[in-house]
Amino acid sequence: MISKKADIPNDYWKAIIDCDAAYDDHFLYGVKTTGIFCRPSCKSRVPKKENVKIFKNAMMALDEDFRPCKRCKPEGLILPTEDWIEQITEWIDKHFSEPLSLNKLADISHGSPYHLQRIFKRVKGISPTEYIQRLRLEKATRLLESSEQPVAEIGLAVGFSSTPYFITLFKKKMGETPMGYRKDYIQNVRKESEQDEC
């Protein structure tokens, strides 16, 4: 098994860059950053060479916890829909503070934006965008409760690129502004501690 950058044979690397189907029976490649493995002919974006790991067959890739690509279906393996969405959800949970779009999610999960949107909504009951917003608001709420960071900083820390958008969305979903929420939270904590002292 080949994992170091220098260990990938030049003809294999060229096959990956050129999406050369002639090599599909010779090897599969995994991308360490996404945990997905593909056929050389896969039309997904060419990964960085240092992130590529070569496998002789699908079983070797699966043994190292790589998942089959939904687009090129290496060795005919098809990932169940729920598992695919679960993996995308786990990826979002780790990368929620980065700039995320439907196209980016489709790209890293090797599917089309339309298919991803439709299947995600069917499995989760909400769209990927709604899931990301909900997660970011949860994280923002925790920061409002546990830190004294300014609202703008919290918005940026959880992935909102615009403070006015963060404040507007927070108010729409939570019924009050981030500052109002923090103030109410602090008052409630004080009340509770005063009651405990009685």
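Predicted model: local features only at pLDDT ≥ 70, side-chain atom pairs only at ≥ 80, totals over all residues.
Local features need pLDDT of at least 70 and side-chain atom pairs count only at pLDDT 80 or more, while totals for chains, interfaces and linings use all residues. Residues are numbered from 1 along each chain as its sequence is written, and side-chain values use heavy atoms, with hydrogens and water left out.

The largest pocket has a volume of about 410 Å³. A pocket is an open set of points on a 1 Å grid over the protein atoms alone, with protein on both sides within 12 Å along at least five of seven lines. Lining residues have an atom within 4 Å of a point. Grid points are joined across faces, edges and corners, and a volume is the space filled by probe spheres set on the points. The lining of this pocket holds 16 residues. Val31, Thr33, Thr34, Arg45 and Ile108 lie nearest the centre. Two or more lining residues come from each of β1 (28–31), α3 (81–95) and α4 (102–108). Helices (H or I, at least four residues) and strands (E, at least two) are DSSP runs, numbered from the N terminus. The largest share, three residues, belongs to α4. By class, the lining has six nonpolar, six polar and four charged residues. Ala, Val, Leu, Ile, Met, Phe, Trp, Tyr, Cys and Pro count as nonpolar, Asp, Glu, Lys and Arg as charged, and the others, Gly among them, as polar.

One cavity of 30 Å³ or more is found in the whole structure. In a cavity, a 1.4 Å probe fits but cannot get out. The largest cavity holds about 60 Å³ of space. Its lining includes Thr34, Arg67, Trp84, Trp91 and Ile108. Here α3 gives the largest share, four residues. Five lining residues are nonpolar, three polar and one charged.

Helices α6 (residues 128–146) and α8 (residues 163–174) have axes that come within 11 Å and cross at roughly 95°. Axes are lines fitted to C-alpha atoms over the stretch in contact, and angles run from 0 to 180 degrees between N-to-C directions. The two helices, α6 and α8, are therefore roughly perpendicular (65 to 115 degrees). Contact (heavy atoms within 4.5 Å) involves Leu137 and Leu144 of α6, among others, and residues of α8 including Phe166 and Phe170. The contact residues divide into eight nonpolar, two polar and one charged.

Thr163 is found in α8. At 27% relative accessibility, Thr163 is partly exposed (between buried, under 20% relative accessible area, and exposed, over 50%, with a 1.4 Å probe and protein chains only).

Key: Parallel < 35°, antiparallel > 145°, perpendicular 65-115°, else oblique.
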